[in-house]
There are 2 protein chains.
Amino acid sequence: MDKIPILKMGEFLLVTIQVDLYDRLALALENDLINMVSKTEARGVLIDISAVSIVDSFMGRILGNIASMSKIMDAETVVVGMQPAVAITLVELGLTLTGVYTALDVEKGMELLRSKIGYLPLDEENLYDDLN
Amino acid sequence: MDKIPILKMGEFLLVTIQVDLYDRLALALENDLINMVSKTEARGVLIDISAVSIVDSFMGRILGNIASMSKIMDAETVVVGMQPAVAITLVELGLTLTGVYTALDVEKGMELLRSKIGYLPLDEENLYDDLN
């Protein structure tokens, strides 16, 4: 299992990071994600890091890279589920995650993405399309 | 990282399996999931196994266990993203995943769950609640 799955949820993509990101895996994730954004025309990327308890500058850089790449592809990136200790470490490392939005959990992240891309519910069909 | 995160998406829970399930991890997942179903009053559980390329009878049993436990808690279980080779292996192993529904991807799984729990979109607000 040397691949991080990317799940399509409506117009957003969801990635759950559960394993330590080493060089090759991180590059593969960046690559897969950008291809998925292009293929699915996703408008937002949600990265759940609730299982990540140890963070280093490499992880910080990967998150920043993904956000920058997605931005160029017209998709916003929201990192969700960050543990308090991880937030403390990031600031102590001097990593401010520029260009990355954060939210407490996936649901709040989706709400944030929806507001960022100017999603306004128009009618039932639109909402349903968004879900499916 | 010895914990599989469980994400709440509306009235469903989403679990992505990316690592090999060994005894303790599988038990922890079963435990966490049932507690989450109870806490969040979730009506459905989605288990994404798109990153799983090798399956054995243990994994098959865990999936069956989760489905049975969830069922008792009044939540349906849908396994999504199964690789063709995994399906072949499961059948060859004689594991038919009784009580487990399957769908091709998360979106189709959500649709299936919605039909199983008799979810009928009534008005915009309901749909929006479901998303958030």
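The sections below cover conventions, chain A and the sheet of chain B.

## Basis of the description

The model is predicted, with local features requiring pLDDT of at least 70 and side-chain atom pairs pLDDT 80 or more, while totals for chains, interfaces and linings use all residues. Residues are numbered from 1 along each chain as its sequence is written, chains are lettered from A and ligands numbered from 1 in the order in which they are written, and side-chain values use heavy atoms, without hydrogens and water.

## Chain A

Chain A contains five helices and five strands (DSSP runs, H or I of at least four residues for helices and E of at least two for strands, numbered from the N terminus). Their order along the sequence is β-β-α-β-α-β-α-β-α-α.

Of the 132 residues in chain A, 48% are buried (under 20% relative accessible area, 1.4 Å probe, protein chains only). Among contacts (heavy atoms within 4.5 Å) with a separation of 6 or more, 71% link residues 24 or more positions apart.

## The sheet of chain B

In chain B, five strands form an open sheet with mixed pairing, in the order β1-β2-β3-β4-β5; strands pair if DSSP finds at least two bridges between them. Because β1 (6–9) and β5 (101–103) of chain B are edge strands with a single partner strand each, one side of each has no neighbour in the sheet.

Strand β4 (residues 76–80) of chain B runs parallel to β5(B), joined by three bridges. B:Val79 is opposite B:Thr102 in β5(B).

Technical notes: Buried means under 20% relative accessible area, exposed over 50%, partly exposed in between (1.4 Å probe, protein chains only).
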